[in-house]
Amino acid sequence: MSAPLLLQGVRILTLEQVHALPWGTAFLADLGAQVIRIESVEHLQDRKAGPFPNGKAGAEWWNEGGHLVYYGTRNKQSLCLEVTHPAGKEVFLKLVKNCDVVTDNFRPGTMRRLGFDHESLARINPRIITLSSTAYGYTGPWRSAGSRARTVDAACGMSYLTGYEGGPSVRASNNYMDHSTGNNVAFALLLALYRRQKTGKGMRIDLTMQETGVSCIGPAILEAQHGIKRPRLGCGHLWKSPHNVYPCAGRDRWIAIAVSNDAEWVALKQIMGAPPWAQDPRYDSAQGRWENRHELDQKVADWTATQDDKELIRLLQAHGVCAGAALTAEDLVNDPHLRQREFLQEFERSPAVGRRTFAGRPFRIPQLPMAIRHVAGLGEHNEVVLREVAGLSQEEIRALAADGVISHRPRAEERAP
Amino acid sequence: MDGILSEVKVLELAHAPSGAFCAKLLADQGADTIKVEPPGRGDPARHEPPFIGGEPHPDRSTAFLALNTNKRGITLDVEQAAGRSLFLRLASAADVIIESFQPGRLTRLGLGYEALRAENSNAILLSISYFGQHGPYANYKGDDLIAQAMGGYLYAVTGSADRPPMGTALQQMELTAGRNGVIAIMAALLHREQTGEGSHIDLSVMEAAISTPSGLIHPYSYTGRSPRRGSMDRNVMDGMHLPTRDGEVTLTTAGTGGRPMEVWAEFLGEPRLLDARFATRQSRTDNWEQLRELVAPKLAQWNNLDLMRETMAKGLVIGLVQSPEQVVDSPHLAERGYFVELDHPAAGTLKYPGPGFFFDGANPMQSTRGAPQLGEHNAQVYCGRLGLSNEELDRLRAARVV
């Protein structure tokens with residue numbers, strides 16, 4: 001019998017889709033909270049999102065996607081309940097009575113239309129914590145705007161700051177904003193639970209992706225108020241050089257080298273075999289190296305271009321030069337360091353999918369394991385949740401199933417992805 | 001509302017942005033946070049350009065100001081025996097200690113987890129390092145770029161398919177590590193409430209980088225292909241940045257009810273968008289240059305904020321590619337009360353980003369102070385908290401311990 005998990009007994013009801021909020025609630029699920037993810041047969045996009053084995057959706061595709069394991073329904077329960085149906089709404093409100101937290105990522109206004117706004121829920125359960133994760137928040141002129149992770153990457157200022165040197169702005173990532181926001185969701189919920197433990201009080205949390213994004217570019221926000229322009233520099237640095245990526249032997253192989261001071265530059269020169277060009281006195285100072293960085297980058301690139309990236313890391317690091325290769329997913333899955341640290345986790349959701357590899361959490365707390373223990377299939381927990389949390393009888397549950405208010409598989413007409 | 005963490009005492013001995021950011025997130029929620037810096041130069045971030053006012057000044061680096069709000073600052077030389085014993089005294093009263101030395105260094109100084117536990121049996125120690133506390137790379141040097149590289153982010157995420165990796169701006173891997181750090185610390189605090197037991201947390205920036213894009217490890221495991229950057233290069237309607245009169249915008253086909261070209265042709269007043277060349281996602285990619293030539297001049301007639309308002313009214317989804325200036329001046333963020341204005345003796349009054357969440361409608365980052373000047377709170381902490389006399393503090397100063 002293993003020790004109880006940290007958040008055992010904490011119940012979270014979550015109306016979540018896509019990325020940021022599911023990523024956030026997954027942390028609490030890992031820590032042992034009973035996270036009940038409410039799904040709908042009308043909106044199965046997350047279950048269609050894959051990735052599927054070899055890119056092909058299988059017979060039970062709705063339970064086979066990899067993102068479900070990584071964050072979607074990892075360590076959560078799945079209740080497939082149509083909350084827009086009057087009977088479904090009634091069930092939802094019964095669940096709220098016995099839950100600690102309700103989270104959603106609908107656009108502002110939807111929860112109110114459903115009758116699930118904070119005030120209504122707090123009347124049923126005065127200690128309730130609610131969290132709405134949106135792009136732009138519940139107030140302000142942009143509150144009703146739709147979004148994608150990419151549009152928020154743009155609106156928060158991150159995209160503007162990202163680009164090759166001298167080039168146009170580019171979105172910084174496909175879902176960095178989702179994950180930063182999800183991490184912020186987990187932080188905010190843990191703060192709220194911590195406070196409730198001390199005070200007994202619930203609260204309403206209005207959390208936004210745009211504002212999380214702005215909090216990722218703090219220095220640029222301060223600079224903007226004094227008219228200081230931060231240039232786009234790709235992998236380059238505002239004042240260090242050589243500090244960039246350099247080509248290595250093979251197709252699309254790169255090494256990042258980050259020289260921070262004169263001692264590291266001297267070490268790099270020696271490793272390069274003290275070539276005559278490197279003795280140029282312009283390179284002796286940090287400022288000189290930076291001002292002549294394009295030329296310097298080219299010289300370093302000429303030296304790295306014929307070398308094996310992984311051997312070069314070992315060589316540079318052994319001599320105190322900060323360096324790392326641009327590793328691919330394949331490299332990482334086979335990486336001896338990550339293996340030794342037991343960072344990666346093998347997990348088999350079902351025989352049809354087979355054993356697959358997943359990234360772990362970047363932190364280890366010896367007493368608090370955060371591995372993937374279970375991944376919920378669609379509607380897998382309908383019965384247990386409705387019986388134990390909503391207090392419904394077997395007959396009531398059967399009636400909901402007969403009326404299509406709860407389901408455990410897609411409708412017959414649903415097309416496979 | 002008082003800060004939620006106002007009863008939590010945090011001691012930060014961080015030399016990297018990850019630890020500073022992590023401690024700042026706690027300090028912004030009210031944690032009583034003391035930042036310990038080496039005497040003389042202080043946190044290396046104090047010397048990083050750019051500086052408010054232009055000239056180098058240890059209290060005016062934007063990197064330092066942004067990552068150290070709401071902390072008190074002291075100087076202490078932990079290389080000296082007297083400094084170590086003072087550190088242990090401070091640690092004995094702390095709930096959370098955050099450090100970002102090279103792995104093993106804290107232990108060699110005699111300040112490792114076991115030593116801290118001897119002083120403070122339920123201490124929570126968060127050790128942040130680029131590669132983690134153990135493993136073959138544990139002693140490698142790192143920085144944000146190296147973490148992007150070794151964390152798979154550089155190869156797979158930002159940049160064009162036919163060009164070198166681009167990298168992301170403003171040390172995002174450091175920040176994402178800090179954001180994971182506060183989750184770990186909150187969990188450890190709750191665990192301590194339940195059991196009375198502290199913990200030692202090992203946080204790796206490389207691993208934070210890997211866990212950040214969802215399209216990395218498991219997509220490879222499912223498909224056998226390593227994800228690669230550049231997937232959005234030629235997409236006018238769903239990816240590219242296009243100029244407006246006063247900025248840039250990125251369009252999407254969302255909110256168009258599955259008829260993106262009809263809806264956008266009408267909105268932009270450009271019927272040629274209905275041409276069969278642009279009818280499908282694939283044909284739009286094939287003919288992306290022609291499509292851009294039609295869309296760009298229309299968008300160039302719009303101001304950003306007008307375009308946002310009008311598209312929003314029609315249910316269309318766009319993203320303004322805002323500059324930091326436009327973000328600071330955003331009417332939306334102003335109405336929400338997102339920015340927190342802080343006065344600072346060396347940097348003046350500036351708006352700082354809030355945490356990204358409001359509790360019961362209020363910005364929880366309140367009644368706050370700007371980043372500490374070097375050694376600003378020495379007397380307050382050493383005399384106030386540790387009960388040293390002014391003479392003792394003077395002696396420590398003379399010995400350059402403080």
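These questions and answers walk through a predicted model, from whole chain to single strands. Residues are numbered from 1 along each chain as its sequence is written, while chains are lettered from A and ligands numbered from 1 in the order in which they are written. In this predicted model, local features need pLDDT of at least 70, side-chain atom pairs count only at pLDDT 80 or more, and totals for chains, interfaces and linings use all residues.

Me: How many helices and strands are in chain A?
Reply: Helices (H or I, at least four residues) and strands (E, at least two) are DSSP runs, numbered from the N terminus. The C-alpha atoms of chain A fill a box of roughly 85 × 50 × 45 Å along the principal axes. Chain A holds 19 helices and twelve strands.

Me: How far apart do the C-alpha centres of domain 1 and domain 2 of chain A lie?
Reply: Domain bounds come from an automatic or database domain assignment. Domain 1 of chain A covers 11-216 + 344-402, and domain 2 covers 243-247 + 254-325. Their C-alpha centres lie apart by 45 Å.

Me: What share of the residues of chain A count as buried?
Reply: A residue is buried if 20 or more other C-beta atoms lie within 10 Å of its own, exposed if 12 or fewer, and partly exposed in between, with C-beta atoms placed from the backbone. Strand β1 (residues 11-15) of chain A is mostly covered, with four of its five residues buried. Of the 417 residues of chain A, the buried share is 56%.

Me: Which residue of β2(A) stands opposite L13(A)?
Reply: Two strands pair if DSSP finds at least two bridges between them. Four bridges join β1(A) to β2 (residues 34-39) of chain A, and the two run parallel. The residue opposite L13(A) is I36(A).

Me: What is the hand of the β-α-β crossover from β1(A) to β2(A)?
Reply: The chain passes from β1(A) through helix α1 (residues 20-30) of chain A to β2(A). A crossover is right-handed if, with the strands pointing away from the viewer, the path from the first strand over the helix to the second runs clockwise. This one is right-handed.

Me: Which residue of β4(A) stands opposite L15(A)?
Reply: β1(A) also pairs with β4 (residues 101-104) of chain A, in the parallel sense over four bridges. Opposite L15(A) stands D104(A).

Me: Which helix of chain A gives the most to the side that touches chain B?
Reply: Two residues are in contact if their C-beta atoms, placed from the backbone, lie within 7 Å. On that basis, 118 residues of chain A are in contact with 114 residues of chain B. With 13 residues, the helix that gives the most is α9 (residues 176-199) of chain A.

Me: What is the bridge partner of R364(A) in β6(B)?
Reply: Strand β12 (residues 363-364) of chain A and strand β6 (residues 199-204) of chain B run antiparallel, joined by two bridges. The partner of R364(A) is D202(B).

Me: What is the order of the open sheet of three strands in chain B?
Reply: Pairing in this sheet is antiparallel. The edge strands are β7 (241-243) and β9 (318-321) of chain B, each pairing on one side only. The order is β7-β8-β9.

Me: At about what angle does helix α14 of chain B run to β9(B)?
Reply: Axes are lines fitted to C-alpha atoms, for helices over the stretch in contact, and angles run from 0 to 180 degrees between N-to-C directions. Helix α14 (residues 304-313) of chain B lies across β8 and β9 of chain B. Its angle to β9(B) is about 170°.
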